[in-house]
Amino acid sequence: MAIVGATIVLSGLTILSLIISQLHKIVGLLEKKATVSVEVPQEAEGNPKPSVAADNCPSNIAVTIEIYQPLVEELEEQFQLADLYELAEKYHLPHPHLSIRCLREAGKLESLGDGYFRLAA
Amino acid sequence: MELFIQFLTNTGFYLADYRNLIMLLVGIVFVYLAIAKEYEPLLLLPIGFGVIIGNIPFFKGFGIGIYEANSVLHYLYFGVTSGLYPSIVFLGLGAMTDFSFLLSNPKLMLLGAAAQMGIFFTLLSAMALGFAPNEASSIAIIGGADGPTSIFLTAKLAPELIGPIAIAAYSYMALIPIIQPPIMKLLTTDKERRIRMADLREVSRKERLIFPVVGVMLCCFLAPASIPLLGPFFFGNLMKESGVVERLAQTARSAIIDTATIFLGFTVGASTQGDVFLNPRSIGIFALGAIAFSIATGSGVLFAKFMNLFLKQKINPLLGASGVSAVPGSAREVHMMGLKTDPTNYLLMHAMACNSSGVIGSAICAGILWSFNM
């Protein structure tokens, strides 16, 4: 009775932990689909892009964060800036190099060492 | 004169029994600990005063005592015997719980499962000592360190044991600062206690919304008997996370849980009438409860060490002790122990993850034990 009970509890919670460990990936996949189907057409329609001067950071960094947040969520929890740059290029975002640099300077891209970063909370 | 003598024979002074006096002393100690030492005052104050009320001697047959039909206390006690109060407490608990910490590090859920091993070890011990399976199951659930769950299961399986089991469960919850630290210290090295946990990732709102739905389905499909506890628990959490019924969530985590806690504590205390409560079985239950709680703490810690054999990013084994469901007492104790070893090592959030997993784990255990005894 005790062994059966212990096994059921342990296996039940193990399954639950496995499921919730995949939850963010499932949500990420769903959001990725939404990003591809919604955001790219928006750009094609010529919706306003963040006003970024060629050599200056945008006055409102929050706009840049808002644009880069979905990109970061597509990547692993810890990512390299090159991957983020590639993704930004893929979505034809303007001035990706400058935007990433500005995010770094504003402390919004947190260095984790070994060339890996994450978006600061 | 005869009337006066008759009146005197009906007073508590005349009817007093030594067992009532012992329990009155226990009640006063509980009230003292709650007020002077602030040991779990939300639990010990209502219980302590309930013990005092329940042990004032009275003449039987007039509908005064908690065990007498039609008494006010008896009606209030219905919430305990029917399992109503524990369900309401779980609703409020769900509306208070933030699962973000658990969602960002799901591995910690296993520690909540491991800490339930105390329950099953005690089940075997109690049966070996001659308790019937239903009684042994009710005693064993004390190892989950969850008062409402213990009361719920005992109400279903062995209602005659509610008093001692509830008092034991709540007492051990209140005594966490005394029981857990020596066990944690004994089972871990200084180096292990210094292990730092990786930063928690940010959890999206969608994850927090999906979790209660997935959680309730998985847990309740596995152990349908835990629906009365886990149903309200996850519902309370969904209300909190949805953000669209903030008023209801706020009521659930304040007025509703507070009301249930008051009546639960008070009536459980009042159910400890000396003549019913003080017997060798109660002492046995207290002893087994202490063993169950200690094993639960130890098994959590040892399981964390076992996991470390396979993990690249090690887990601080102290976290295993917070796998019991005493929220937030055990998480606080783990955090304090971590700080004592390294004042810059903050374990609280990680410990809360284990704690919330422990709540789910002990409710599943209750469901399983109930179904085993059906």
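So, how many salt bridges are there between chain B and chain A? The count is 1, taking a salt bridge as a Lys or Arg side-chain nitrogen within 4 Å of an Asp or Glu carboxyl oxygen. The partners are D199(B) and R118(A), with N to O at 3.4 Å.

Quick housekeeping. This is a predicted model, where local features need pLDDT of at least 70 and side-chain atom pairs count only at pLDDT 80 or more, while totals for chains, interfaces and linings use all residues. Residues are numbered from 1 along each chain as its sequence is written, chains are lettered from A and ligands numbered from 1 in the order in which they are written, and side-chain values use heavy atoms, with hydrogens and water left out.

Back to the interface. Chain B brings 36 residues to the contact and chain A brings 24 residues; contact here means heavy atoms within 4.5 Å. Together the two chains bury about 2,600 Å², with 84% of that on carbon and sulfur atoms. Buried area is the accessible area (1.4 Å probe) that two parts lose on being put together, summed over both. On the chain B side, R201(B), L218(B) and F372(B) lose the most area to chain A, together 18% of what that side buries.

Now, one residue inside chain B: P86(B), which is in helix α6, residues 84-96. Helices are DSSP runs of H or I, at least four residues, numbered from the N terminus. Is P86(B) buried or exposed? P86(B) counts as buried because its relative accessibility is 0%, and the cut-off for buried is under 20% relative accessible area (1.4 Å probe, protein chains only). Leaving out residues up to four places away in sequence, P86(B) touches G79(B), P148(B), I151(B), F152(B), L229(B) and L264(B).

How values were computed:
Helix = DSSP H or I, 4+ residues; strand = E, 2+ residues; numbered from the N terminus. Buried < 20%, exposed > 50% of the residue type's maximum accessible area, 1.4 Å probe, protein only.
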